[in-house]
Amino acid sequence: MFINLITITYFIKYLLYSVVEVAEQEEYCIHFESSGRTLLLTVQLGVNFPNERPKIVISPTVQHHWVNAATGEVETAPGLLNVSVRGD
């Protein structure tokens with residue numbers, strides 16, 4: 001399965017309403033549908049977050065150049081993984 005830009009745009013809009021907190025300040029999940037499949041995106045915040053990037057996993061795994069096909073981990077999504085601490 002290949003996820004395209006339209007799917008990602010829909011997902012971002014859907015994301016705002018469907019985040020489930022699994023463990024406060026540690027793990028969050030988002031269920032969504034794409035191409036007739038139900039997918040789960042899990043975001044895990046490590047003990048050093050935001051000084052280290054979150055771990056983001058999609059399951060079942062999908063075919064996309066951002067995603068490790070064996071683990072489902074999102075490895076190269078710049079907008080999702082480039083986390084930094086900044087002062088406003």
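What follows describes a predicted model, in which local features need pLDDT of at least 70 and side-chain atom pairs count only at pLDDT 80 or more, while totals for chains, interfaces and linings use all residues. Residues are numbered from 1 along each chain as its sequence is written, and side-chain values use heavy atoms, with hydrogens and water left out.

The secondary structure of the protein chain amounts to 2 helices and 4 strands. These elements are DSSP runs, numbered from the N terminus: helices are H or I runs of at least four residues, and strands are E runs of at least two. Followed along the sequence, the protein chain shows the pattern α-β-β-β-β-α. The strands make up an open sheet of 4 strands in the order S1-S2-S3-S4, with antiparallel pairing. Two strands are said to pair if DSSP finds at least two bridges between them. S1 and S4 are the edge strands, each pairing on one side only. From one strand to the next, the twist averages 25 degrees; axes are lines fitted to C-alpha atoms, for helices over the stretch in contact, and angles run from 0 to 180 degrees between N-to-C directions.

The sheet can be walked through pair by pair. S1 and S2 are joined in the antiparallel sense over 4 bridges. For S2 and S3, the antiparallel pairing extends over 8 bridges. Here His31 has Leu40 in S3 as its bridge partner, and Ser34 has Arg37 in S3. S3 and S4 pair in the antiparallel sense over 5 bridges, and Thr42 stands opposite Val57 in S4.

Two hairpins deserve a visit. In the hairpin formed by S1 and S2, 3 residues lie between the strands. Gln25, in the loop between strand S1 (19–23) and S2, has a phi near 60 degrees, a positive value in a residue other than glycine. Gln25 counts as exposed because its relative accessible area is 59%; the scale calls a residue buried under 20% relative accessible area, exposed over 50% and partly exposed in between, with a 1.4 Å probe and protein chains only. The C-alpha atoms of Gln25 and Val47 are separated by 9.3 Å, although these residues are 22 residues apart along the chain. The hairpin of S2 and S3 has 2 residues between its strands. Ser35 lies in the loop between S2 and S3, and its phi, near 50 degrees, is again positive in a residue other than glycine. Ser35 is exposed, at 64% relative accessibility. As background, most residues other than glycine have a negative phi, and most peptide bonds are trans.

The loop between S4 and helix H2 (78–81) holds His64, and Pro60 has its place in the loop between S4 and H2 as well. Ser59 and Pro60 are joined by a cis peptide bond, with omega at about -5 degrees. His64 is classed as buried because its relative accessible area is 11%. Its side chain reaches the backbone nitrogen of Trp66 at 3.0 Å. This is a polar contact, that is, a pair of N or O atoms within 3.5 Å; within protein, one must be able to donate a hydrogen and the other to accept it, and residues adjacent in sequence count only if both atoms are side-chain atoms.

Among contacts (heavy atoms within 4.5 Å) between residues at least 6 apart in sequence, 23% join residues at least 24 apart. The protein chain exposes about 6100 Å², of which carbon and sulfur atoms supply 55%. These accessible areas come from the Shrake-Rupley method with a 1.4 Å probe; for residues, only the protein chains shown count as cover.
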